[in-house]
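Take a moment to look over the sequence and the model, and then follow the paragraphs below from the backbone to the ligand.

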Amino acid sequence: MGHGWEGAVLKLFRAKDFKFTVTGAEQVTEHYRRLTFTDGGLLAALGVHPTMWVRLWFDNDGRPHQRGYTLVDPDVENGAFAIEFALHDGCASDWSRTAKPGDVIEASVQGTGFTEPDPSPERLLVVGDAASLPAINSLLDAFPETPATIWFETADDDELPFRVDPIRHDLRKIARGEDGAALLEQVREELPHFTKEPERIYLWIAAEAKSTRALTAFARKELGVPKQRAHTLAYWRAA
Ligand SMILES: Cc1cc2nc3c(=O)[nH]c(=O)nc-3n(C[C@H](O)[C@H](O)[C@H](O)COP(=O)(O)OP(=O)(O)OC[C@H]3O[C@@H](n4cnc5c(N)ncnc54)[C@H](O)[C@@H]3O)c2cc1C
């Protein structure tokens, strides 16, 4: 499959291309599916970091359709990882629903990275949802001793595979409803309690685009969280 103009731009930015082969599939919950893959040489070539993600190329009626997905438990030695798909409308979700061992998908890697916050944070402040759960889990794994408060927007009642430790992690679930307003309201109210000394925290936001934009502006402008203590990236866009 050609990758169209997006592929051409990625090439300009020196994206690296790989082919992943499906080795297994597990329906974790009604709306959450895990596929395992061999990595086509990716991990040996590029190594791993927390929240590492790739751009997968799906076929949308003959047109290339590129979407970000996060590597779960990358195993460098065996060249393998999983990807967890939050299921909703869309080509990527649809592909994952029927993918079976032996299926191959193309991927480009460009734009992923992780800058370790220095000094190490005394608390992680995390805002996300099912699409960013794999990244949230990898972030929590990367800071095994650090307490975290997680505001998690849910779209359904699924019991998702959270890697939270009830002693160190405070998981606050918020139903999404129509437009994400509940998440904004709760985070606006509660986040300020944790950001009085912003150099001691690390804020990580990966939610729907409008919510991510609003909360990023709130944290930076109203709470004074400096750029180096926050990472924010929209993971999906509501129609
Ligand atoms: C860095 C990065 C890493 C990501 N990692 C993961 C991951 O590991 N697992 C994962 O599931 N997603 C992940 N995402 C999000 C994923 O790329 C998007 O959800 C993407 O839009 C899915 O593509 P699609 O073709 O299925 O749907 P699209 O064609 O993009 O959208 C189709 C319809 O579905 C809606 N939609 C899209 N995404 C969602 C959603 N998450 N929840 C509810 N409705 C949605 C849209 O509003 C639209 O109406 C990541 C995104 C980024 C940027």
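In the loop between which two strands does P119 lie? P119 belongs to the loop between β7 (104-109) and β8 (123-129), where helices (H or I, at least four residues) and strands (E, at least two) are DSSP runs, numbered from the N terminus. This is a predicted model, in which local features need pLDDT of at least 70 and side-chain atom pairs count only at pLDDT 80 or more, while totals for chains, interfaces and linings use all residues. Residues are numbered from 1 along each chain as its sequence is written, and side-chain values use heavy atoms, with hydrogens and water left out.

The peptide bond that leads from D118 into P119 is cis, with omega near 5 degrees. Another backbone feature is found at T51, which has a positive phi of about 65 degrees although it is not a glycine; T51 is placed in the loop between α2 (42-46) and β3 (53-60). Most residues other than glycine have a negative phi, and most peptide bonds are trans.

The ligand sits in the largest pocket. A pocket here is an open set of points, on a 1 Å grid over the protein atoms alone, where a 1.4 Å probe fits, with protein on both sides within 12 Å along at least five of seven lines, and a molecule sits in it if more than half of its atoms lie within 2 Å of its grid points. The elements that give two or more residues to the shell around the ligand are β4 (63-70), β6 (80-86) and α3 (91-98), and β4 gives the most, with five residues.

There are 24 residues around the ligand, of which H65, G68, E84, A86 and R237 come nearest; a residue is counted as near if one of its heavy atoms lies within 4 Å. Polar contacts (pairs of N or O atoms within 3.5 Å) involve the backbone: a polar backbone atom of E84 is 2.8 Å from a nitrogen atom of the ligand, and one of A92 is 3.0 Å from an oxygen atom of the ligand. The backbone of C91 also has an N or O atom 3.2 Å from a ligand oxygen.

Finally, a search of the whole structure finds 12 aromatic pairs, meaning rings of Phe, Tyr and Trp (its six-membered ring) whose centres lie within 6.5 Å, with planes under 30 degrees apart counted as stacked, over 60 as edge-to-face and the rest as tilted. F85 and W95 form a tilted pair, 6.3 Å centre to centre with 50 degrees between the planes, and this pair links F85 in strand β6 with W95 in helix α3, 10 residues apart.

Key: A polar contact is a pair of N or O atoms within 3.5 Å; within protein, one must be able to donate a hydrogen and the other to accept it, and residues adjacent in sequence count only if both atoms are side-chain atoms. On a 1 Å grid over the protein atoms alone, a cavity is a set of points where a 1.4 Å probe fits but cannot get out, and a pocket is an open set with protein on both sides within 12 Å along at least five of seven lines; lining residues have an atom within 4 Å of a point.
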